[in-house]
Amino acid sequence: MESFLAIGLIVGKLAVVIAILLILPIPLTWIERKIAGHIQQRLGPMRVGWHGLLQPLADGIKLLFKEDHIPVEADRFLFTLAPIIALVPPFLVFVAIPIGDSITLFGTEITLYLADMNVGLLYILAVAGIEVYGVILAGWASNSKYAVLGSLRTCAQMISYEIPMGFSVIGVVMLAQSMSLLDIVESQAGLWNIVTQPLGFFVFFVSGLAEAQRIPFDLPEAEGDLGAGYHTEYSGMRFSFFMISEYLIVVFLSALMVLLFFGGWHGIAMIPLPPVVWFLLKLSFFIWMFMWLRFTFPRYRYDQLMSIGWKVLLPLSLANILISGVFML
Amino acid sequence: MARTPRTDSGAAIRIVFQGGTMETAFFLLFAGMAVLSALVVVVARNPVHSALSLMVCFVQIAALFILLGSPFLAVIQIFVYVGAVMVLFLFVIMMLDVRKDVHVRFRASAVPALIVLVILGAEMLALLLGSGHIPALSAAAGPDVAGSVKELSLTLFADYLLPFEVASVVLLVALVGAIVLAKKETG
Amino acid sequence: MTDVTVLDEIEQDGKSTQEVLLNLGPQHPSTHGVLRLVLEMEGEYVARVDPHIGYLHRGTEKLAEDFTYTQIIPLTDRLDYLCPPSTNQAFVLAVERLLDIEAPERAQYIRVMMTELSRISGHLLIAGALPMDVGAMTVLLYTMREREMVLDLLEMICGARMHTSFCRVGGVREDLPEGFAERVREFCEIFPQRISDYERLVARNRVFLQRTKGIAVITPEDAIDLGLSGPNLRASGVDWDIRRDCPYEIYDRLDFNVIVREGGDCYDRWQCRIDEMRESTRIIEQCMRDMPQGPFQTDDPKVAFPVDKALLSCSMETQINHFELSAYGFKVPAGEIYSCVEAPKGELGFYIISDGSEKPFRMKVRAPSFVNLQALQGASNMDYLADVVAMLGSLDPVLAEVDK
């Protein structure tokens, strides 16, 4: 009986997480457009609903009814598969992301995470690495030069920035002596990692921007030179799959930054707020930061991007490991 | 960093898995998928399809590692093979004009390769049938999951330090060699 | 575009590689119109750039042969549609020189002021478009805000935002409206601060500098050989501005600096335009200060429409004069002329041959964008696809003017 209750709880939590993740891009597009609007001295969406609140729904309906176009001589199987492959990893990643310790509801203790893996961090990085497949296959299957160029760029970019990203969290793992995200957050109960690992955070943040393909590293879809990059040929719902996965990656990277460097759900003692609220507040801040950067910076060129990854971030992340080791000894 | 144990999801899954039949079923599922996708790698005409099914194969193997009680190896499998090696494969394939090669099936020169394949296959079959370890393979390696990262690193950095260092040096040499080769071409 | 076009296979140790032809445009976000660039790509490298033009060809020059001189003025609007007052001015000046007349002083001040306003509006677009081409979208929306102010001013003068058609042979169409001086003064006060805003946002941004500094360099010698003009020429260090070196209208009475920069790269071409906007603001201020009262049109009834509307309804002579000018236009003595002005894009010249009739026998436009576009093939250090985009953005071609 107990085991069935436990399984029911897992399934329930899974359903909630999936539902939230599917709905999340809707407010996020609205927020992003509003932020863009106010940064650029305009109002953003205003027509559909109060202050354009229903704009994402209108967009969704538009995308649903758009012609689902598949180019001639495209690889139809991969063309159809690619958006789905792009969508799966962001969902998988959230299995391992805790948003709090546990809460008590109706006398039952409910943990605010799906799985506490002892290799949680590694799992997240590994699954995030699969994301690149959707992009590569989309670009290749489209049989369009812009798309292929876009996905070639993505390929090189994702592989190059995964390395500094992986190295930059080693310092955190060393401090927590564990790869479980719960342990990592608990190790920051007194002092947030940002104080001891500023270099690690910097490298993680920059390579996170690159992994999410956001400005200044949004080369795969640089509209200035590639039209729309790897999803040039996509329309309708297939296109929106890429958009959803892009937003989820932003959320997931923000969550990871909060968990690894900003104390997770630990707040500042002076302001008493529930831990989950603390977590969501920090999460929103980083999501906002991603959007803010997008409308402020130009983008790097391909070779500049590569040299930043290999010549700046990689040595910095290695130095971070060394410094952390020296201090720990 | 000792932490109070929690009633987490892993426990619940373990409860279900202790039945044993469930585990066998999962093993058969993953193993079957792995063999099937490996077959597609060879049979598929389009190199990109081959690469993709090789990736599927790797993911299945990672799942098998989890069944064997070694999530660390599973994650490393995905991290290194799926996340990096296969991406590079695809990267190279994309540069080629694969549409030309799609129409070429097995060539005459493939006959010796076929012979070698048959011999190796027979050898492997004989080995498998001859040994008595098959039932043990499908059983879980051990319930102690938590220590696997630590144990692995201790083994690697203490017991096998010299081979580890030698392997690193060999890799470094390969790296330098690759750079030298690449440099030559541009003059 | 579906299949990879094989150019020449480069054999190397038995392996063969192919260059890929990439069509950039005619529909593409960063070609600023309907330009088509055929690029030979080696991966991210660009081996050759081949511009294909003509997608916006409307036969302006040929059309002009069937139009009277007054009717041609709206055609010139459509050349550089970002700054029509300057193309109007260039054409009208050429005809006036053929006729050997001069517009009254007030008309000249009005024309120069409008030209400078349009120079600001044209430069504002490029000041925002180059950052957008390299990925910073926000600047464009800031510059559009100020461009709106300029367009409002133009609308106040002549009722049109884009195609002003305000110049007439022998003057301008109307006098300045009431309350215009205050609006211009307001604009001139606000605008310099706004320029500093753009510079703060972009010019010290490391990413922008890395994308534009030292990219697509044109040496002074190359710039002259290619026949570049305008800000593109001055950014390469050649000190040449028609407004100062062969002054027309009232430019010799105005105090302004000619902006010259040394680098000849994308950044200098951008910065050159930013600084020119400051100078244009100064010119507008001087124009408004020094503008004399008086007629805005020449009083030669052979050329100019009657100004006094009251006279039109009671004087037979005036009515006939108006009818003839409307129906047949005015005759221009036989001869030929080349006359050029410093338009925002560079040297804009009109070469007109008249056979003594009301219509030009032949009209040739020396469009600065057309010549400037050649620099796409003459620039060095333009290796990557993204550099080509930055180069194109910094050259600031208007395709309507290129194709005519």
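**Exercise 1. Why does the size of chain A agree with a compact globule?**

Start with the rule: 2.2 Å times the number of residues to the power 0.38, with the radius of gyration taken over C-alpha atoms. For 329 residues, a compact globule would have a radius near 20 Å, and chain A has 20 Å, so the two agree. Next, look at the box: the C-alpha atoms of chain A fill roughly 55 × 50 × 45 Å along the principal axes.

A quick note before going on. This is a predicted model, where local features need pLDDT of at least 70 and side-chain atom pairs count only at pLDDT 80 or more, while totals for chains, interfaces and linings use all residues. Residues are numbered from 1 along each chain as its sequence is written, and chains are lettered from A and ligands numbered from 1 in the order in which they are written.

**Exercise 2. How many residues of chain A are in contact with chain C?**

Contact here means C-beta atoms, placed from the backbone, within 7 Å. By that test, 25 residues of chain A meet 27 residues of chain C. Now find the elements: helix 11 (223-226) and helix 14 (302-328) of chain A each give two or more residues to that side. Helices here are DSSP runs (H or I, at least four residues), numbered from the N terminus.

Terms used:
Contact = placed C-beta atoms within 7 Å.
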